[in-house]
Amino acid sequence: MLWAVDPPDDPGAVERAYHAISSKLVGTPGLLGNALRRSVADPSRYVVVSVWSGMTEFSAWEQGANHRGTTSPLRPLQDPERRPVIYTEVAAYGPQGPFGEAPAA
């Protein structure tokens, strides 16, 4: 998760940077998708949530030559009050119950 904030003099900067970056990431091995989410409490604050097939794929991309250049439009917009963070999934539920388990008979 990467936290970002629109500068007061440039509303929409985060959304523009997100689209510029995400369009270049289409087809990246291991990247299952990402989403830009805006704070309801403070519409100038955002979080980018990326979903990867695994830490191996994420690490390979993060250490790759294209990572820093591709993500550079968002770097100056990172929220100074929040550091990027990586979470790994422990459990998940959907409409039918836990994901990854066979449905109850």
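**Close-up 1. Secondary-structure elements that line the largest pocket of this predicted model.** The helices α1 (13-25), α2 (55-63) and α3 (67-71), together with the strands β2 and β3, each supply at least two residues of the lining of the largest pocket. Among the contributors, β3 gives the most, with five residues.

**Close-up 2. The space inside the largest pocket and the residues around its centre.** The largest pocket holds about 990 Å³ of space, and of the 30 residues that line it, Met 1, Ser 50, Trp 52, Phe 58 and Ile 86 are the closest to its centre. By residue class, the lining is made up of 18 nonpolar, eight polar and four charged residues.

**Close-up 3. The hairpin formed by β2 and β3.** Strand β2 (residues 31-38) pairs with strand β3 (residues 45-52) in the antiparallel sense, over seven bridges, and six residues lie between the two strands of this hairpin. Within the pairing, Leu 31 stands opposite Trp 52 of β3, and Trp 52 is also one of the residues closest to the centre of the largest pocket.

**Close-up 4. Strand β1 and its pairing with β3.** Besides its pairing with β2, β3 pairs with β1 in the antiparallel sense over four bridges, and here Leu 2 stands opposite Val 48 of β3. In a regular strand, side chains alternate between the two faces of the sheet. Along β1 (residues 2-5), Leu 2 and Ala 4 point one way, whereas Trp 3 and Val 5 point the other way, and all of these residues are buried.

Methods
Residues numbered from 1 in each chain as written. Predicted model: local features only at pLDDT ≥ 70, side-chain atom pairs only at ≥ 80, totals over all residues. Heavy atoms only, no water. Pairing = 2+ DSSP bridges. 1 Å grid on protein atoms, 1.4 Å probe; cavity = no way out; pocket = protein on both sides within 12 Å on 5 of 7 lines; lining within 4 Å. Points joined across faces, edges and corners; volume = space filled by probe spheres on them. Nonpolar A, V, L, I, M, F, W, Y, C, P; charged D, E, K, R; others polar. Buried < 20%, exposed > 50% of the residue type's maximum accessible area, 1.4 Å probe, protein only.
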